[in-house]
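Thanks for making the time.

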Amino acid sequence: MSPGKQASASGAAAPVAAGARLEAMRRRVRLSRVAVWTVIGAGPIALGVAIASTPTTVEAATSPKPTAAVRSTAVAADPAGYAQLFVHAWLRSSADDATSAQARLAHSMAPDVELPDPAAGAQSTPASVTAVRSAKGAGGAWSVTVAAQYADGTVRYYAVPVAADGAGSSFAVTGAPGVVAGPSRAEVPQSPYDVTVPDGDLSSAAGEFLTAYLTGAGEIDRYLAPGVQVTTASASPFSSVSVEQVLAVEETAAAEQIPADGTRVHVLAQVEARDALGRWPLAYELALTARSGRWEVSALESGTALDGGPR
């Protein structure tokens, strides 16, 4: 190629190359802007996707687990013992000696109550003082009936007004005692033990058990049904026990023959126990169950001497 043509071609190529480079730069700028906007647009979209794809967790306000409701229902304490103590001190005090221990005690329990003024040589001091009845009124007020028994056998009853606080932890005698009539004798219901048990296996089983129970002699377990435990009555037992009478609830108890296994009867055994202090008429309610041709004690229903559980 001639130098002229070469120069002409070079001159024409230079603007073309420059234009190509400029166009490439413009494309890069456009691509960069697209990338920037893509990134900017992808942010909210990604956030939306993350929110949509993540399980929503709703956290409730922390609250303690509901615990079993403890119902501490306040049970009003019976002030019977307090009234008994007051009457005990009040009857042993005298207005002539307000500094004695009994007078000071009575005054501390009831500051506004006057002390008695017993006559010289009078039998004013009781042998025993016992609370026999309590009646609750409104607003923490109580009326306690206290019996004072004297050496000659006479009994005088006093009604003592007592105030108690809401918690039943403090009391106060609010007025002087009043002499009142004692509780009347309640009508006794008819006894369910109306079947006479003759001498035989049942009465012997009851008598042998009570002899071991009251004297501590012999193995008491041999008279008990399986699974029953009974502790002997006293550390200083009686010397002898004899059965006076056995009464039952069920007619089966009067039968001559021992019934089928599992038959249960309830009896009232009246016994006479003796020790160094004298003779004592006692009575016990028992339940006996037939097993293997013999009667076994399955419950001692008098008092709380029966211990459950296996032997």
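Tyr213 has a relative accessibility of 7%, so it counts as buried. Keep in mind throughout that this is a predicted model. Phe209 is buried as well, because its relative accessibility is 0%. Within helix α4, Phe209 and Tyr213 sit four residues apart, which means about one helical turn separates them. In general, an α-helix has 3.6 residues a turn, so residues three or four places apart point the same way.

Now the helix itself. α4 has 15 residues, and its first and last C-alpha atoms are 21 Å apart, close to the 21 Å expected at 1.5 Å a residue. Most of α4 is covered, with eleven of the 15 residues buried. Among them are Leu202, Ala205, Ala206, Phe209, Leu210 and Leu214. What do the buried residues of α4 pack against? They pack against β7, β8 (240-248), β9 (264-275), β10 (278-291) and β11 (294-300). After the helix comes Gly216, with a positive phi near 80 degrees.

Leu224 is in the loop that runs between α4 (201-215) and β7 (229-230). Leu224 counts as buried because its relative accessibility is 1%. From Leu224 to Ala299 there are 75 residues in sequence, but the C-alpha atoms are 8.5 Å apart in space.

Next, the sheet. Five strands form an open sheet in the order β6-β8-β9-β10-β11, and the pairing is antiparallel. Which strands are at the edges? Those are β6 (195-196) and β11, each of which pairs on one side only. The antiparallel pairing of β6 with β8 runs over two bridges. Opposite Val195 we find Ala248 in β8. Helix α4 packs on this sheet and touches β8, β9, β10 and β11; its direction is at about 125 degrees to that of β10.

Let me move to the other helix I want to show, α2. With twelve residues (80-91) at 1.5 Å a residue, α2 should span 16 Å, and the distance between its end C-alpha atoms is 16 Å, so the two agree. The buried residues in α2 are Ala80, Ala83, Phe86, Val87, Ala89, Trp90 and Leu91. What covers them? The cover includes α3 (101-109), β1 (128-136), β2, β3 (155-164) and β4 (171-173).

One of those covering strands, β2 (residues 141-149), holds Thr145. Is Thr145 buried or exposed? Thr145 is buried, because its relative accessible area is 4%. Beyond its neighbours within four places in sequence, Thr145 contacts Thr130, Ala131, Val132, Arg133, Tyr157, Tyr158, Ala159 and Val180.

That brings me to the aromatic rings. A pair of aromatic rings is described by the distance of the centres and the angle of the planes. How many aromatic pairs does a search of the whole structure find? The search finds five. One is formed by Tyr82 and Phe171: the ring centres are 5.6 Å apart and the planes are at 45 degrees, so this pair is tilted. Because Tyr82 is in helix α2 and Phe171 is in strand β4, the pair ties together parts 89 residues apart in sequence. Tyr82 counts as partly exposed because its relative accessible area is 22%. Phe171, at 22% relative accessibility, is partly exposed too. Phe86 and Trp90 are among the buried residues of α2, and Tyr158 is one of the contacts of Thr145.

Last, the chain as a whole. Its secondary structure consists of four helices and twelve strands. The chain has 311 residues, and 27% of them count as buried. Among contacts with a separation of 6 or more, 52% join residues 24 or more positions apart. The accessible surface of the chain is about 19800 Å², and carbon and sulfur atoms account for 57% of that.

That is what I have for today.

Definitions and conventions: Residues are numbered from 1 along each chain as its sequence is written. This is a predicted model: local features need pLDDT of at least 70, side-chain atom pairs count only at pLDDT 80 or more; totals for chains, interfaces and linings use all residues. Side-chain values use heavy atoms; hydrogens and water are left out. Buried means under 20% relative accessible area, exposed over 50%, partly exposed in between (1.4 Å probe, protein chains only). Contact means heavy atoms within 4.5 Å. The expected span of a helix is 1.5 Å times one less than its number of residues. Rings of Phe, Tyr and Trp (its six-membered ring) pair if their centres lie within 6.5 Å; planes under 30 degrees apart count as stacked, over 60 as edge-to-face and the rest as tilted. Accessible areas come from the Shrake-Rupley method with a 1.4 Å probe; for residues, only the protein chains shown count as cover. Two strands pair if DSSP finds at least two bridges between them. Axes are lines fitted to C-alpha atoms, for helices over the stretch in contact, and angles run from 0 to 180 degrees between N-to-C directions.
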